[in-house]
Amino acid sequence: MFTIHSLRSKVTRADAMERFAGGGIAGLLRRMRAGPLCSVADVYVPYRLYRVEVRNGKRSQTSWFALEAVRGLLDLYQFDRLPDAAELVAVETRNRPDPALEDAAALQLLQDKLRRIIFQLGFFRVRNLEFRPTLVSSDLHIPYWVGFYGRGQAARLRVLDAVRQQFEGGKARALLENWLVGS
């Protein structure tokens with residue numbers, strides 16, 4: 001068992017089960033394709049939290065960003081301020097992938113993702129763009145709920161971000177599938 005620090009989940013187990021079970025036509029189609037909901041588990045994905053000063057021309061802005069620390073594939077988390085004690089919980093769990101992203105690779109990915117975000121806001125507004133990231137914590141985890149569906153030997157999963165309260169796509173599913181099968 002590991003004791004980790006996680007953002008507080010906004011989705012309870014009961015809420016997650018209800019969301020995974022899903023009603024209506026979409027839920028019926030999912031059950032026909034993937035099988036019935038068999039189980040739900042909480043998983044905590046490690047992130048690195050950075051304080052980043054972004055300089056764009058004469059303007060400077062400081063924000064906090066969290067980068068997923070397993071492979072760096074998931075979307076960044078952005079905070080207006082450093083998460084405080086009321087937003088964090090200590091959790092004892094085995095359900096967490098090990099961080100595998102090296103420091104230099106993490107910094108490069110963070111800067112690439114930030115550059116992409118800023119360019120999407122308007123390429124012509126960019127002047128002498130500069131990032132000054134500072135690692136604040138490597139012990140931040142984001143809670144996810146994983147729903148397992150299937151019949152017989154076949155299994156499928158769906159991933160629900162327990163903070164943003166939305167279903168994740170293929171990147172999160174692939175990350176957790178790879179962790180579960182041990183590759």
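**Before you start.** The model is predicted, so local features need pLDDT of at least 70 and side-chain atom pairs count only at pLDDT 80 or more, while totals for chains, interfaces and linings use all residues. Residues are numbered from 1 along each chain as its sequence is written, and side-chain values use heavy atoms, with hydrogens and water left out.

**Stop 1: the whole chain.** Colour by secondary structure and you will find four helices and eight strands (DSSP runs numbered from the N terminus, helices being H or I of at least four residues and strands E of at least two). From the N terminus their order is β-α-α-β-β-β-β-α-β-β-β-α. The C-alpha trace spans about 60 × 40 × 30 Å along its principal axes. Of the 183 residues, 39% are buried (under 20% relative accessible area; exposed is over 50% and partly exposed lies in between, with a 1.4 Å probe and protein chains only).

**Stop 2: the cores.** Select Tyr-47, Tyr-77 and Tyr-144: within the largest nonpolar core, which has 21 residues, these touch the most other members (such a core is a set of buried Ala, Val, Leu, Ile, Met, Phe, Trp, Tyr and Cys residues joined through side-chain atoms within 4.5 Å). The elements giving two or more residues to this core are strands E2 (37-56), E3 (59-68), E4 (77-79), E6 (130-151) and E7 (154-161), plus helix H4 (170-181). A second, separate core holds 12 residues, including Tyr-50, Phe-65, Leu-101 and Ala-106.

Now centre on Tyr-77. Leaving aside neighbours within four places in sequence, its contacts include Leu-7, Tyr-47, Trp-64, Ile-142, Tyr-144 and Arg-164 (contact means heavy atoms within 4.5 Å).

**Stop 3: Arg-96.** Move to the loop between strand E5 (88-93) and helix H3 (103-121), where Arg-96 lies. Arg-96 counts as buried because its relative accessibility is 13%.

**Stop 4: Arg-173.** Finish in helix H4, at Arg-173. Its relative accessibility is 31%, so Arg-173 counts as partly exposed. Beyond neighbours within four places in sequence, Arg-173 is in contact with Leu-157, Val-159 and Glu-168.
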